[in-house]
Amino acid sequence: CVLLKAESKPRIGLVLSGGGALGFAHIGILEVLDSLGIPVDYVAGTSMGGIVGGLYSIGYSGKEIKKLVNSIDWVRIFEDRIPREELPYFSKKGQGRFQFEFGIENLRLVTKGGLISGQNIYLTLSRLTFPYEYIKDFDRLPIPFRCVAVDLISGRAVVLRRGSLAKAIRATMAVPTIFSPVIWGDSLLIDGGLVNNFPADVVREMGAEVVIGVFVFMPMKGKEDIKNTVDVFTQSYTIARNYNMRRNFKYVDVLVEVPLEGYYPIDFEINKIKEIIALGEKAAYRALPELVSLKEKYRLTRDVSHSSHIALYNRKAVITKITFTGRMSISFEEIRNYFGVKVGDVLDVDRLEQSIARLKALGRFKRAMYKIRPINEGEVELVLNLTEIRPPEIASVEIRGNKNFSASFIKRLLGIRSGEKLDIDRIEKRIRYLYSFGYFETITYELVPMYKDRVKLFVDVKEKYLSKISIGVRYDNRYNLVGVLDYQNTSLVIPGLRVEAELVGLGFSKFTFSVIYPSRSMGTPLYPALRVWSQNIPVFVYNHHGVKSSSYFDRSAGVSGGIGFLVGNKFNATFKFEREFIRIKPDIGVGDSLIFPFKRANKDRVSLVFEYDNLDDSFYPTKGMLFRSILAGYFPKGEGGAGWTIFSSRLKFYRTWRENTLMFLGFLGYAKDVPVYRHFHMGGSSDFLGVSYEQLTVNKLIFSRLDYNFAFLKYARLFFSLNWAPYYAFELPTVRNAGHNLIGFGMGLTVSTPLGPVRLSVANGEKNIFRKGNRTFYFYFSTGIVL
């Protein structure tokens with residue numbers, strides 16, 4: 001330690017250890033340091049300590065960081081998944097169909113550099129640190145800052161002191177195999193905790209004369225707690241990690257140790273986070289005598305913050321006036337909407353601090369401070385002083401890291417042009433849009449000042465594999481086991497040309513090959529589409545007694561070409577011409593000429609399809625609508641008699657409040673002069689509950705369904721279903737059966753699993769849909785992907 005005279009004021013350094021979610025304990029310590037008014041001149045941290053330390057270094061108080069942390073959905077930002085409603089239209093179709101994905105490069109299967117690419121994390125960090133994005137020298141931050149990473153190439157520690165603050169913080173927390181490494185010049189950076197998880201030496205090198213260190217850790221397990229291989233591994237890891245950190249204790253003057261028994265680095269649930277922060281605060285109070293002694297010894301004081309005066313005022317005082325100061329291009333009305341506190345409100349310290357933190361997080365203000373002025377007894381004036389980051393002009397946009405995609409193609413999708421005023425909201429929105437195409441593993445940005453009111457925008461991309469193989473598995477009590485193997489290339493020969501080949505096998509088989517070029521929609525909403533398909537699907541036919549009387553295999557195939565019309569990422573219309581090769585193999589009821597009037601036919605048809613899709617999830621929708629309407633006309637040609645006409649419309653609508661979700665399903669179908677092969681085949685958990693699979697095989701049908709879902713656990717929900725078909729008819733040249741008011745009741749349980757939902761349903765309905773009066777129960781089961 002450095003020897004100082006008693007009257008001299010030393011430079012204070014703060015070091016924050018890594019530890020994953022355990023590092024949230026640092027926030028509780030910062031709150032205590034703030035309350036004591038102990039100044040901090042330097043900050044260094046690793047991993048989570050780097051995140052907390054980085055925010056602290058740019059002016060966030062401990063209390064503000066706590067409010068930000070509590071407001072973040074950590075589960076969401078640790079996912080790279082773009083919300084379904086923001087995905088490009090054709091990407092939505094693949095969501096929920098596969099459990100496993102592998103890239104293909106040089107004829108080899110590859111995976112990402114980590115389970116989590118960190119795209120959402122980076123955008124969140126960029127938002128929080130944006131006011132200081134222009135400062136590339138971390139010594140010029142309000143509190144000089146360092147964080148530690150490791151170069152995966154050389155194996156050496158890298159102390160990050162310059163560059164993008166958001167990118168540096170993202171690098172220090174890149175846990176190997178969990179998060180993808182961060183490209184930093186010629187280096188690949190990962191979590192610095194591997195070599196220096198407690199960088200007290202770094203903060204000393206920065207110039208700190210007195211160091212306060214915060215060390216978060218899991219206590220060692222006792223002999224009776226080590227029972228298996230996993231326990232041995234975790235204990236061994238803890239030994240190595242703690243030994244590594246304790247080597248730097250010699251640089252520390254005041255050490256705050258935070259033992260977190262029963263908590264783990266992966267505890268990112270909000271309740272766990274709050275508990276860890278509270279334990280950090282308790283640890284700081286245990287070290288209070290040392291901290292107070294340090295403060296008194298060197299007469300440490302900090303410029304008194306605005307928040308420290310609040311206790312002087314009556315907490316029940318009413319805000320009778322709000323004054324905004326500072327030069328701003330943003331309207332006061334807009335600021336009031338963001339701020340949330342208004343005249344007439346009772347002074348609420350926590351709410352006020354939260355509103356200030358929200359203003360800072362907008363990325364539009366370099367500084368946001370307030371003062372409380374008493375007016376009369378029980379009345380105060382709130383004075384808000386804002387220093388705005390005046391939006392400069394984007395002088396140029398440059399793309400870095402691209403290999404397979406041209407810069408012009410990326411810029412076209414990004415949609416940000418030179419001459420625009422800098423708008424951080426728009427940049428993030430367009431980056432999310434570009435990321436949603438699936439071309440890139442990560443997309444980051446950097447702003448470099450050029451001269452007055454002009455900046456250069458650099459967009460760094462890390463390209464994803466262009467080709468991938470996806471695998472999905474499903475089991476249900478209709479087809480039993482079904483497997484899906486899908487190959488997709490998102491930019492074959494021409495950037496944006498989408499080629500996909502999908503094979504479904506086991507319970508039934510289907511092969512589909514499609515080529516579309518939706519990137520044309522960047523200039524025009526029209527795009528070309530080609531599709532080739534074949535299938536071998538078993539189908540049941542029921543007689544008027546409700547008994548399976550016939551069955552056949554539909555071994556049809558087809559080829560189609562057409563034009564699509566795409567509007568945004570929600571609406572799509574397709575007009576196509578198709579040659580269909582109908583091949584039927586009867587299995588039961590071979591001699592029934594009514595059911596099997598022909599077994600082979602080649603038919604030409606034209607079809608018009610309208611689709612609208614803004615559901616928020618494929619597995620568990622809670623809001624949005626899915627609509628699909630088809631009008632198809634078959635030309636009279638060859639076997640099969642006259643021309644056929646088929647029309648159908650299907651609508652699903654979801655609405656949720658709290659744990660309750662309502663789902664409405666409506667269907668209208670009309671098919672004229674068609675054989676049974678092209679009737680509507682309904683029945684089962686995905687459409688009408690209360691009949692057997694495909695029992696509702698008819699050519700005219702109207703039905704609706706209303707489901708109520710209750711999420712009684714985070715991963716489980718009960719549902720109750722009412723199904724009603726006011727009219728349906730089965731028509732062949734010499735047979736006509738019609739029915740009215742078919743009603744089915746059902747209930748079931750859905751459980752979320754990593755491999756997809758497990759769904760159990762039981763329903764009560766008519767045994768014979770045309771001769772009602774004999775009701776029975778039906779059971780449905782499915783697990784895995786959505787087909």
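Helices (H or I, at least four residues) and strands (E, at least two) are DSSP runs, numbered from the N terminus. The model is predicted: local features need pLDDT of at least 70, side-chain atom pairs count only at pLDDT 80 or more, and totals for chains, interfaces and linings use all residues. Residues are numbered from 1 along each chain as its sequence is written, and side-chain values use heavy atoms, with hydrogens and water left out.

**Exercise 1: the whole chain**

Work out how many helices and strands the protein chain has, and what share of its residues is buried.

Solution. Start with the elements: the protein chain has 15 helices and 37 strands. Next comes burial, where buried means under 20% relative accessible area (1.4 Å probe, protein chains only). By that cut-off, 52% of the 787 residues are buried. Then look at contacts, meaning heavy atoms within 4.5 Å. Among contacts with a separation of 6 or more, 64% link residues 24 or more positions apart.

**Exercise 2: two packed helices**

Describe how α1 and α3 pack, and which residues meet.

Solution. Two packed helices are described by the angle between their axes and the distance between the axes. Axes are lines fitted to C-alpha atoms over the stretch in contact, and angles run from 0 to 180 degrees between N-to-C directions. For α1 (residues 25-36) and α3 (residues 62-71), the angle is about 150° and the axes are 8 Å apart. Angles over 145 degrees count as roughly antiparallel, so α1 is roughly antiparallel to α3. At the contact, I27, L30, E31 and D34 in α1 meet G62, K63, I65, K66 and V69 in α3.

**Exercise 3: one serine**

Decide whether S57 is buried or exposed, and name its contacts.

Solution. First place S57: the residue lies in helix α2 (residues 48-57). S57 counts as buried because its relative accessibility is 0%. Finally, leaving aside neighbours within four places in sequence, S57 is in contact with L141, P142, I143 and F145.

How values were computed:
Buried < 20%, exposed > 50% of the residue type's maximum accessible area, 1.4 Å probe, protein only. Parallel < 35°, antiparallel > 145°, perpendicular 65-115°, else oblique.
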